[in-house]
Amino acid sequence: MKIEEIKILRGPNYWSVRRPKLIQMKLDLEELEQRPTNTIEGFRERLKKLFPSMYSHRCSVGKPGGFFQRVDEGTWMGHVIEHIALELQTLAGMNCGFGRTRGTGKEGEYYVVFNYMEEDAGVYAAKASVRIAQSLVDASSYDLSEDIQRLREIREDTRLGPSTGCIVEEAAKRGIPYIRLNKQSLVQLGYGVHQKRIRATIASTTSNIAVDIACDKEETKNLLEAAEIPVPKGTVIRTEVGLEEAVAKFGYPLVIKPIDGNHGKGNTTNITNWEQALRAFEAAKQYSRSVIVEKFITGVDFRVLVINYKFVCAALRTPASVIGDGVHTIQWLIDETNKDPRRGYGHEKVLTQITIDQFTQKMLDEKGYTLETIPPKDELVLLKPTANLSTGGTSTDVTDEVHPVNIFLAERIAKIIGLDICGIDIMAPDLRAPIYENGGAVLEVNAAPGFRMHIEPAEGLPRNVAEPVINMLFPKGSDGRIPIIAVTGTNGKTTTTRLTAHICKTAGRKVGYTTSDGVYIQNQLMMKGDCTGPLSAQFVLRDPTIDFAVLECARGGLLKAGLAFQNCNVSIVTNVTADHLGLGGIDSLEQMARVKAVIPETTFNHGFAILNADDDLVYNMHKGLSCNVAYFSMDEMNPRIQEHCNKGGYAVVFENGYVSILKGTWKIRVIKVSEIPITYGGKAVHNIMNTLPAVLATYLFKDISIEDIRTALTTFVPSPSQTPGRLNMFEFKHFKFLVDFAHNPAGLELLCDFVGKMDGSPKVGIISGTGDRRDEDIRELGRISGRSFDEIIIRQDKNLRGRTAEEIVNLLVEGINDTKGKDIPLTIIYNEKEAIMHAYNTAKPGSLITIMCDVVAEALDLIKALKETEE
């Protein structure tokens, strides 16, 4: 077997809209294509022995054991690998259950698709599943534990931590979208101007000054002490002499910690002699030049959480420990404790397994113990200096026991420091009485407090501490979203996108939009090139200056990585024609329509999918949609339009020379087509078609008026600045140049229809074919050109995409010869710039030269330079 490619799909995609996180692996089974599972001796037995838990896989049979039944009946190795990849991740603590295996159209080659929780783990599972399947075929031994442990490690290295993760999950429940901004814990919640950010449990609303104060333990202590908050007596030192003075002043027991440490790093507690004090001083100095020495407060460790300056919950924290039984060693007791099913690797379960590290050894050394020591019965042996859950500690929820005075104290502390998300560490006998009265004290105030102890306590009631964070960032009724209009189809996407964005801008919205020639933020070009994929869409949604997004979504990005967003407010599908067939496993128009249908399927239930009623494949996308549907048509009498509007639906049509909105049986005439510049007085039929959905899409927003739409339509001019590469006309003294990006038969047919209505003779066409299209598609470009132009120049794209220039030229010539009605002068000039210069230098008076440009910007720059030279 051989892995041809692995793609990571991160958003709604061809395989699934509701399960956006998928791995798509193209797998060549090679000789195993001839060996289904029921022909491989012992395969089923070996598979069941290695993965007994796979019995739960129901598969298409629909019941437990269903997958093994398929193996018995005979299934192909790609299907087996799909199930192995899912089970591997599940065994590593990432429950995954969705998969598909489908042929690519080439014998022995399959797409193996399965979902993942962490994408790096998904890629690892893809590769490992192929290795495992091969070992099962070969009847060789395989150590599964190594793969499972590696997957756990990848998960812990790449996943959001439990604190960040629970906030993101709570946001998702509220319908608030999120974007992970780095590989750590920086996350954007919401889009555009409404976005907020979190890093762990620090929010974009959190005061930088407050975080700075909280990270300076001495500054925190001084502020609290000045406000009559009980804190341990102590001082700050830098030298051993200072340590001697502190010991003399405060006496034992002591606590020594770095002044700007966190998460208990460098902390030593309950110091009772000089040797311990020296070691603790050196440990603290590894993290900070200045060290705090303070009186050790006896009691138990509590964490109080305050969010938005309101008390939320409290937990009792216990460091990792074991209790002696007088019989077994400390190592045995640790091993037994780790057998608790609630303990796992990293953050995968409620509790973390206890590991032996330098802190454990140090604490045992101080007691004169080793791992082989047998502690007396009922003795509590502490194994870590702090109560962090990540090192094996436990937590018990005590929220309902906290005295009102302590609640007031905690909320006051958060205000004093200025932290809107604040963790307060208190040492006290308990929190049921005011700590003023029971000898308790506030040890620390923490910015970015961990939430795991509250959301998954070992004992007591779990608390949804993420909810008050989300309520603080997004008051009820706010979802952090901006309107999104998503545009897809074969032809017309870019013009429709640009016009839609122009209407929104005219209505006063701050618009970000993506097109096949770049990304624009408020009409400023930010990125050049084909920007119709998910990275470009995400670029727009991350921008903090925009309040509206119009996103062109092409086939390539959908197949390569999925969409960058889960939902849109309005979707537009312009048409589906023969282009890019034979690429990416999409071999038919029906399959291409399925790709494009992803966009309307992501439309919010309360939103609208705007579909082309004149295109059967697009019209049929309405079946199964849960959103509202509206249509556009070049024919007001289209039966589909009439039926839809008779039921009270929305549509937009071209009728009697007008663009008109149909609202049930009511008609709103928006504007005469002859007044819309991009239609060239109605000659450019395809731009009438592109105008229709843009008008309806924007009309559906209440804050965009008919007047806004009319104004925008009359100010959207076909030009290199507003519509680069789309019907850009340049009038020279004796002839005209028309530049257009038409690159497939349907697009060229519409372009030539327009050219045929324009004055100018002879009509010269500079054409080309794209190498990765089918032979028939390239010939068809030649046929259309042969019946439309009086002279033809064949040039080539910069990227031939898998063919030779000669192959493409020959196919074009075959097509031209099929339809030409007379001898047509034919010139072959491979370089686009040279082809343009040849047409310019040999242009006859009155001629109209049309170029199907490859690199739009370069072609436009050249023609503009020639125009300037002439002038």
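Tutor: Happy to. This is a predicted model, so local features need pLDDT of at least 70, side-chain atom pairs count only at pLDDT 80 or more, and totals for chains, interfaces and linings use all residues. Residues are numbered from 1 along each chain as its sequence is written, and side-chain values use heavy atoms, with hydrogens and water left out.

Student: Where does Leu 380 lie?
Tutor: Leu 380 lies in strand 18, residues 380-382. Strands are DSSP runs (E, at least two residues), and helices are too (H or I, at least four), numbered from the N terminus.

Student: New topic. What is the order of the six strands in the open sheet?
Tutor: The order is 33-34-38-35-36-37, with mixed pairing. Two strands pair if DSSP finds at least two bridges between them.

Student: Which are the edge strands?
Tutor: Strand 33 (728-731) and strand 37 (826-828); each pairs on one side only.

Student: How many bridges join strand 34 to strand 38?
Tutor: Five, and strand 34 (residues 736-740) and strand 38 (residues 848-852) run parallel. Val 739 has Ile 851 as its bridge partner in strand 38.

Student: What does helix 30 touch?
Tutor: Helix 30 (residues 856-870) packs on the sheet and touches strand 33 and strand 34. Contact means heavy atoms within 4.5 Å.

Conventions:
Axes fitted to C-alpha atoms, helices over the stretch in contact; angles between N-to-C directions.
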